[in-house]
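The points are grouped by topic.

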Amino acid sequence: MRINFIFLFSFLTVLSGCHKAGHPAGMAALAILSDLTDTMPEVQSLDANKVVSQLPENWDLSTNGVSVQFRFITDRILNSVIEVKLEPLTEGSEYNEIDRQNVIDTFNSRLQTETGLIRKMPEGRNSSIVFSSLFNALNELATYPKSVPRKLVLLSDCRENSNLFNAYQDIEELKTNPGKLKTKIEKECPVKYSLSGISVIIVHQPASVAEDEIFDIVSKFISGILIEKGATVKIQTSLN
């Protein structure tokens, strides 16, 4: 869709194998990047509890923790960040399930408030920056120790609309010469690290045949880049 904006759940970067200050060791890394359009039901119903439910497989949140950073990016004009950390629930700790739910509730309140505010802003929602936001988030996840579960969920129709690529004008060129766009990406927003061990889920349910064709072409192009870097990629029509 032309009218859209992007919000990103990504994570505090861990450099040189060391945990960045303020990021407890052993926390799962969950990133959610969402291209919010008015016709995407999965996004319309998105809330903090649904976010938490997207934890990496085999990660039991009843005892373990997760660190999330939530970022609105609207045509690179608005840049509002919400950080949330659900600390591990350990025996003897003063941090308990009530504290954790309070964190989730506060996070959800701000999520709903800021989403509502941005929906009322007609300007700055015309450009959808999918590629650089996605690859930058994956570069951050890649710096986490491989022992930490890492997952990224992309909720998007994959209709990039930027100086890098315009899905409304350049789709035929992508079909016939994908190497050209790949070269531009490698120059402007490359995936810098191995993505081995990172799980990526691309979620969208096209509303028309034309939309389905664009999503199919672009999502497969993105998948090819990520698989080449070592990530596992799934494309599905819903979060569940």
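Thr143 is found in the loop that runs between helix H4 (131–142) and strand S5 (150–155); helices (H or I, at least four residues) and strands (E, at least two) are DSSP runs, numbered from the N terminus. This is a predicted model, in which local features need pLDDT of at least 70 and side-chain atom pairs count only at pLDDT 80 or more, while totals for chains, interfaces and linings use all residues. Residues are numbered from 1 along each chain as its sequence is written, and side-chain values use heavy atoms, with hydrogens and water left out.

**Surroundings of Thr143**

- Thr143 has a relative accessible area of 14% and is therefore buried (buried means under 20% relative accessible area, exposed over 50%, partly exposed in between, with a 1.4 Å probe and protein chains only).
- A polar atom of the Thr143 side chain lies 2.6 Å from the backbone oxygen of Glu140.
- Between the C-alpha atoms of Thr143 and Tyr193 the separation is 7.9 Å, although these residues are 50 apart along the chain.

**Aromatic pairs**

- The count comes to 3 aromatic pairs, where rings of Phe, Tyr and Trp (its six-membered ring) pair if their centres lie within 6.5 Å, and planes under 30 degrees apart count as stacked, over 60 as edge-to-face and the rest as tilted.
- The ring centres of Phe131 and Phe165 are 5.9 Å apart and the planes stand at 40°, so this pair is tilted.
- Phe131 belongs to helix H4 and Phe165 to the loop between S5 and helix H5 (171–176), so the pair ties together parts that are 34 residues apart in sequence.
- Phe131 and Phe165 are both buried.
- A cluster linked by ring pairs contains Phe131, Phe135, Phe165 and Phe221.

**Cysteines**

- The count of disulfides, each a pair of cysteine sulfur atoms within 2.5 Å, is 0.
- Cys158 is buried at 1% relative accessibility, and Cys189 is buried with a relative accessible area of 7%.

**Strands S6 and S7**

- Strand S6 (residues 198–203) pairs with strand S7 (residues 232–236) in the parallel sense over 5 bridges; two strands pair if DSSP finds at least two bridges between them.
- Opposite Val200 stands Val233 in S7.
- A right-handed β-α-β unit is made by S6, helix H7 (residues 209–228) and S7; a crossover is right-handed if, with the strands pointing away from the viewer, the path from the first strand over the helix to the second runs clockwise.

**Salt bridges**

- The whole structure holds 5 salt bridges, each a side-chain nitrogen of Lys or Arg within 4 Å of a carboxyl oxygen of Asp or Glu.
- Lys175 and Glu172 form a salt bridge at 3.7 Å, N to O; these residues are 3 apart in helix H5 and thus separated by about one helical turn.
- Lys175 is partly exposed at 41% relative accessibility, as is Glu172 at 48%.
- Glu172, Lys175 and Glu213 are linked in a salt-bridge network.
- Lys182 and Glu228 meet in a salt bridge at 3.0 Å, N to O; this pair links distant parts of the chain, with Lys182 in helix H6 (residues 178–188) and Glu228 in helix H7, 46 residues apart.
- Lys182 is partly exposed, with a relative accessible area of 25%, whereas Glu228 is exposed at 56%.
- Lys220 and Asp216 form a salt bridge whose closest N and O atoms are 3.2 Å apart; the two residues are 4 apart in helix H7, about one helical turn.
- Lys220 is exposed at 52% relative accessibility, and Asp216 is partly exposed at 33%.

How values were computed:
Polar contact = N/O pair within 3.5 Å; in protein donor to acceptor, adjacent residues only side chain to side chain.
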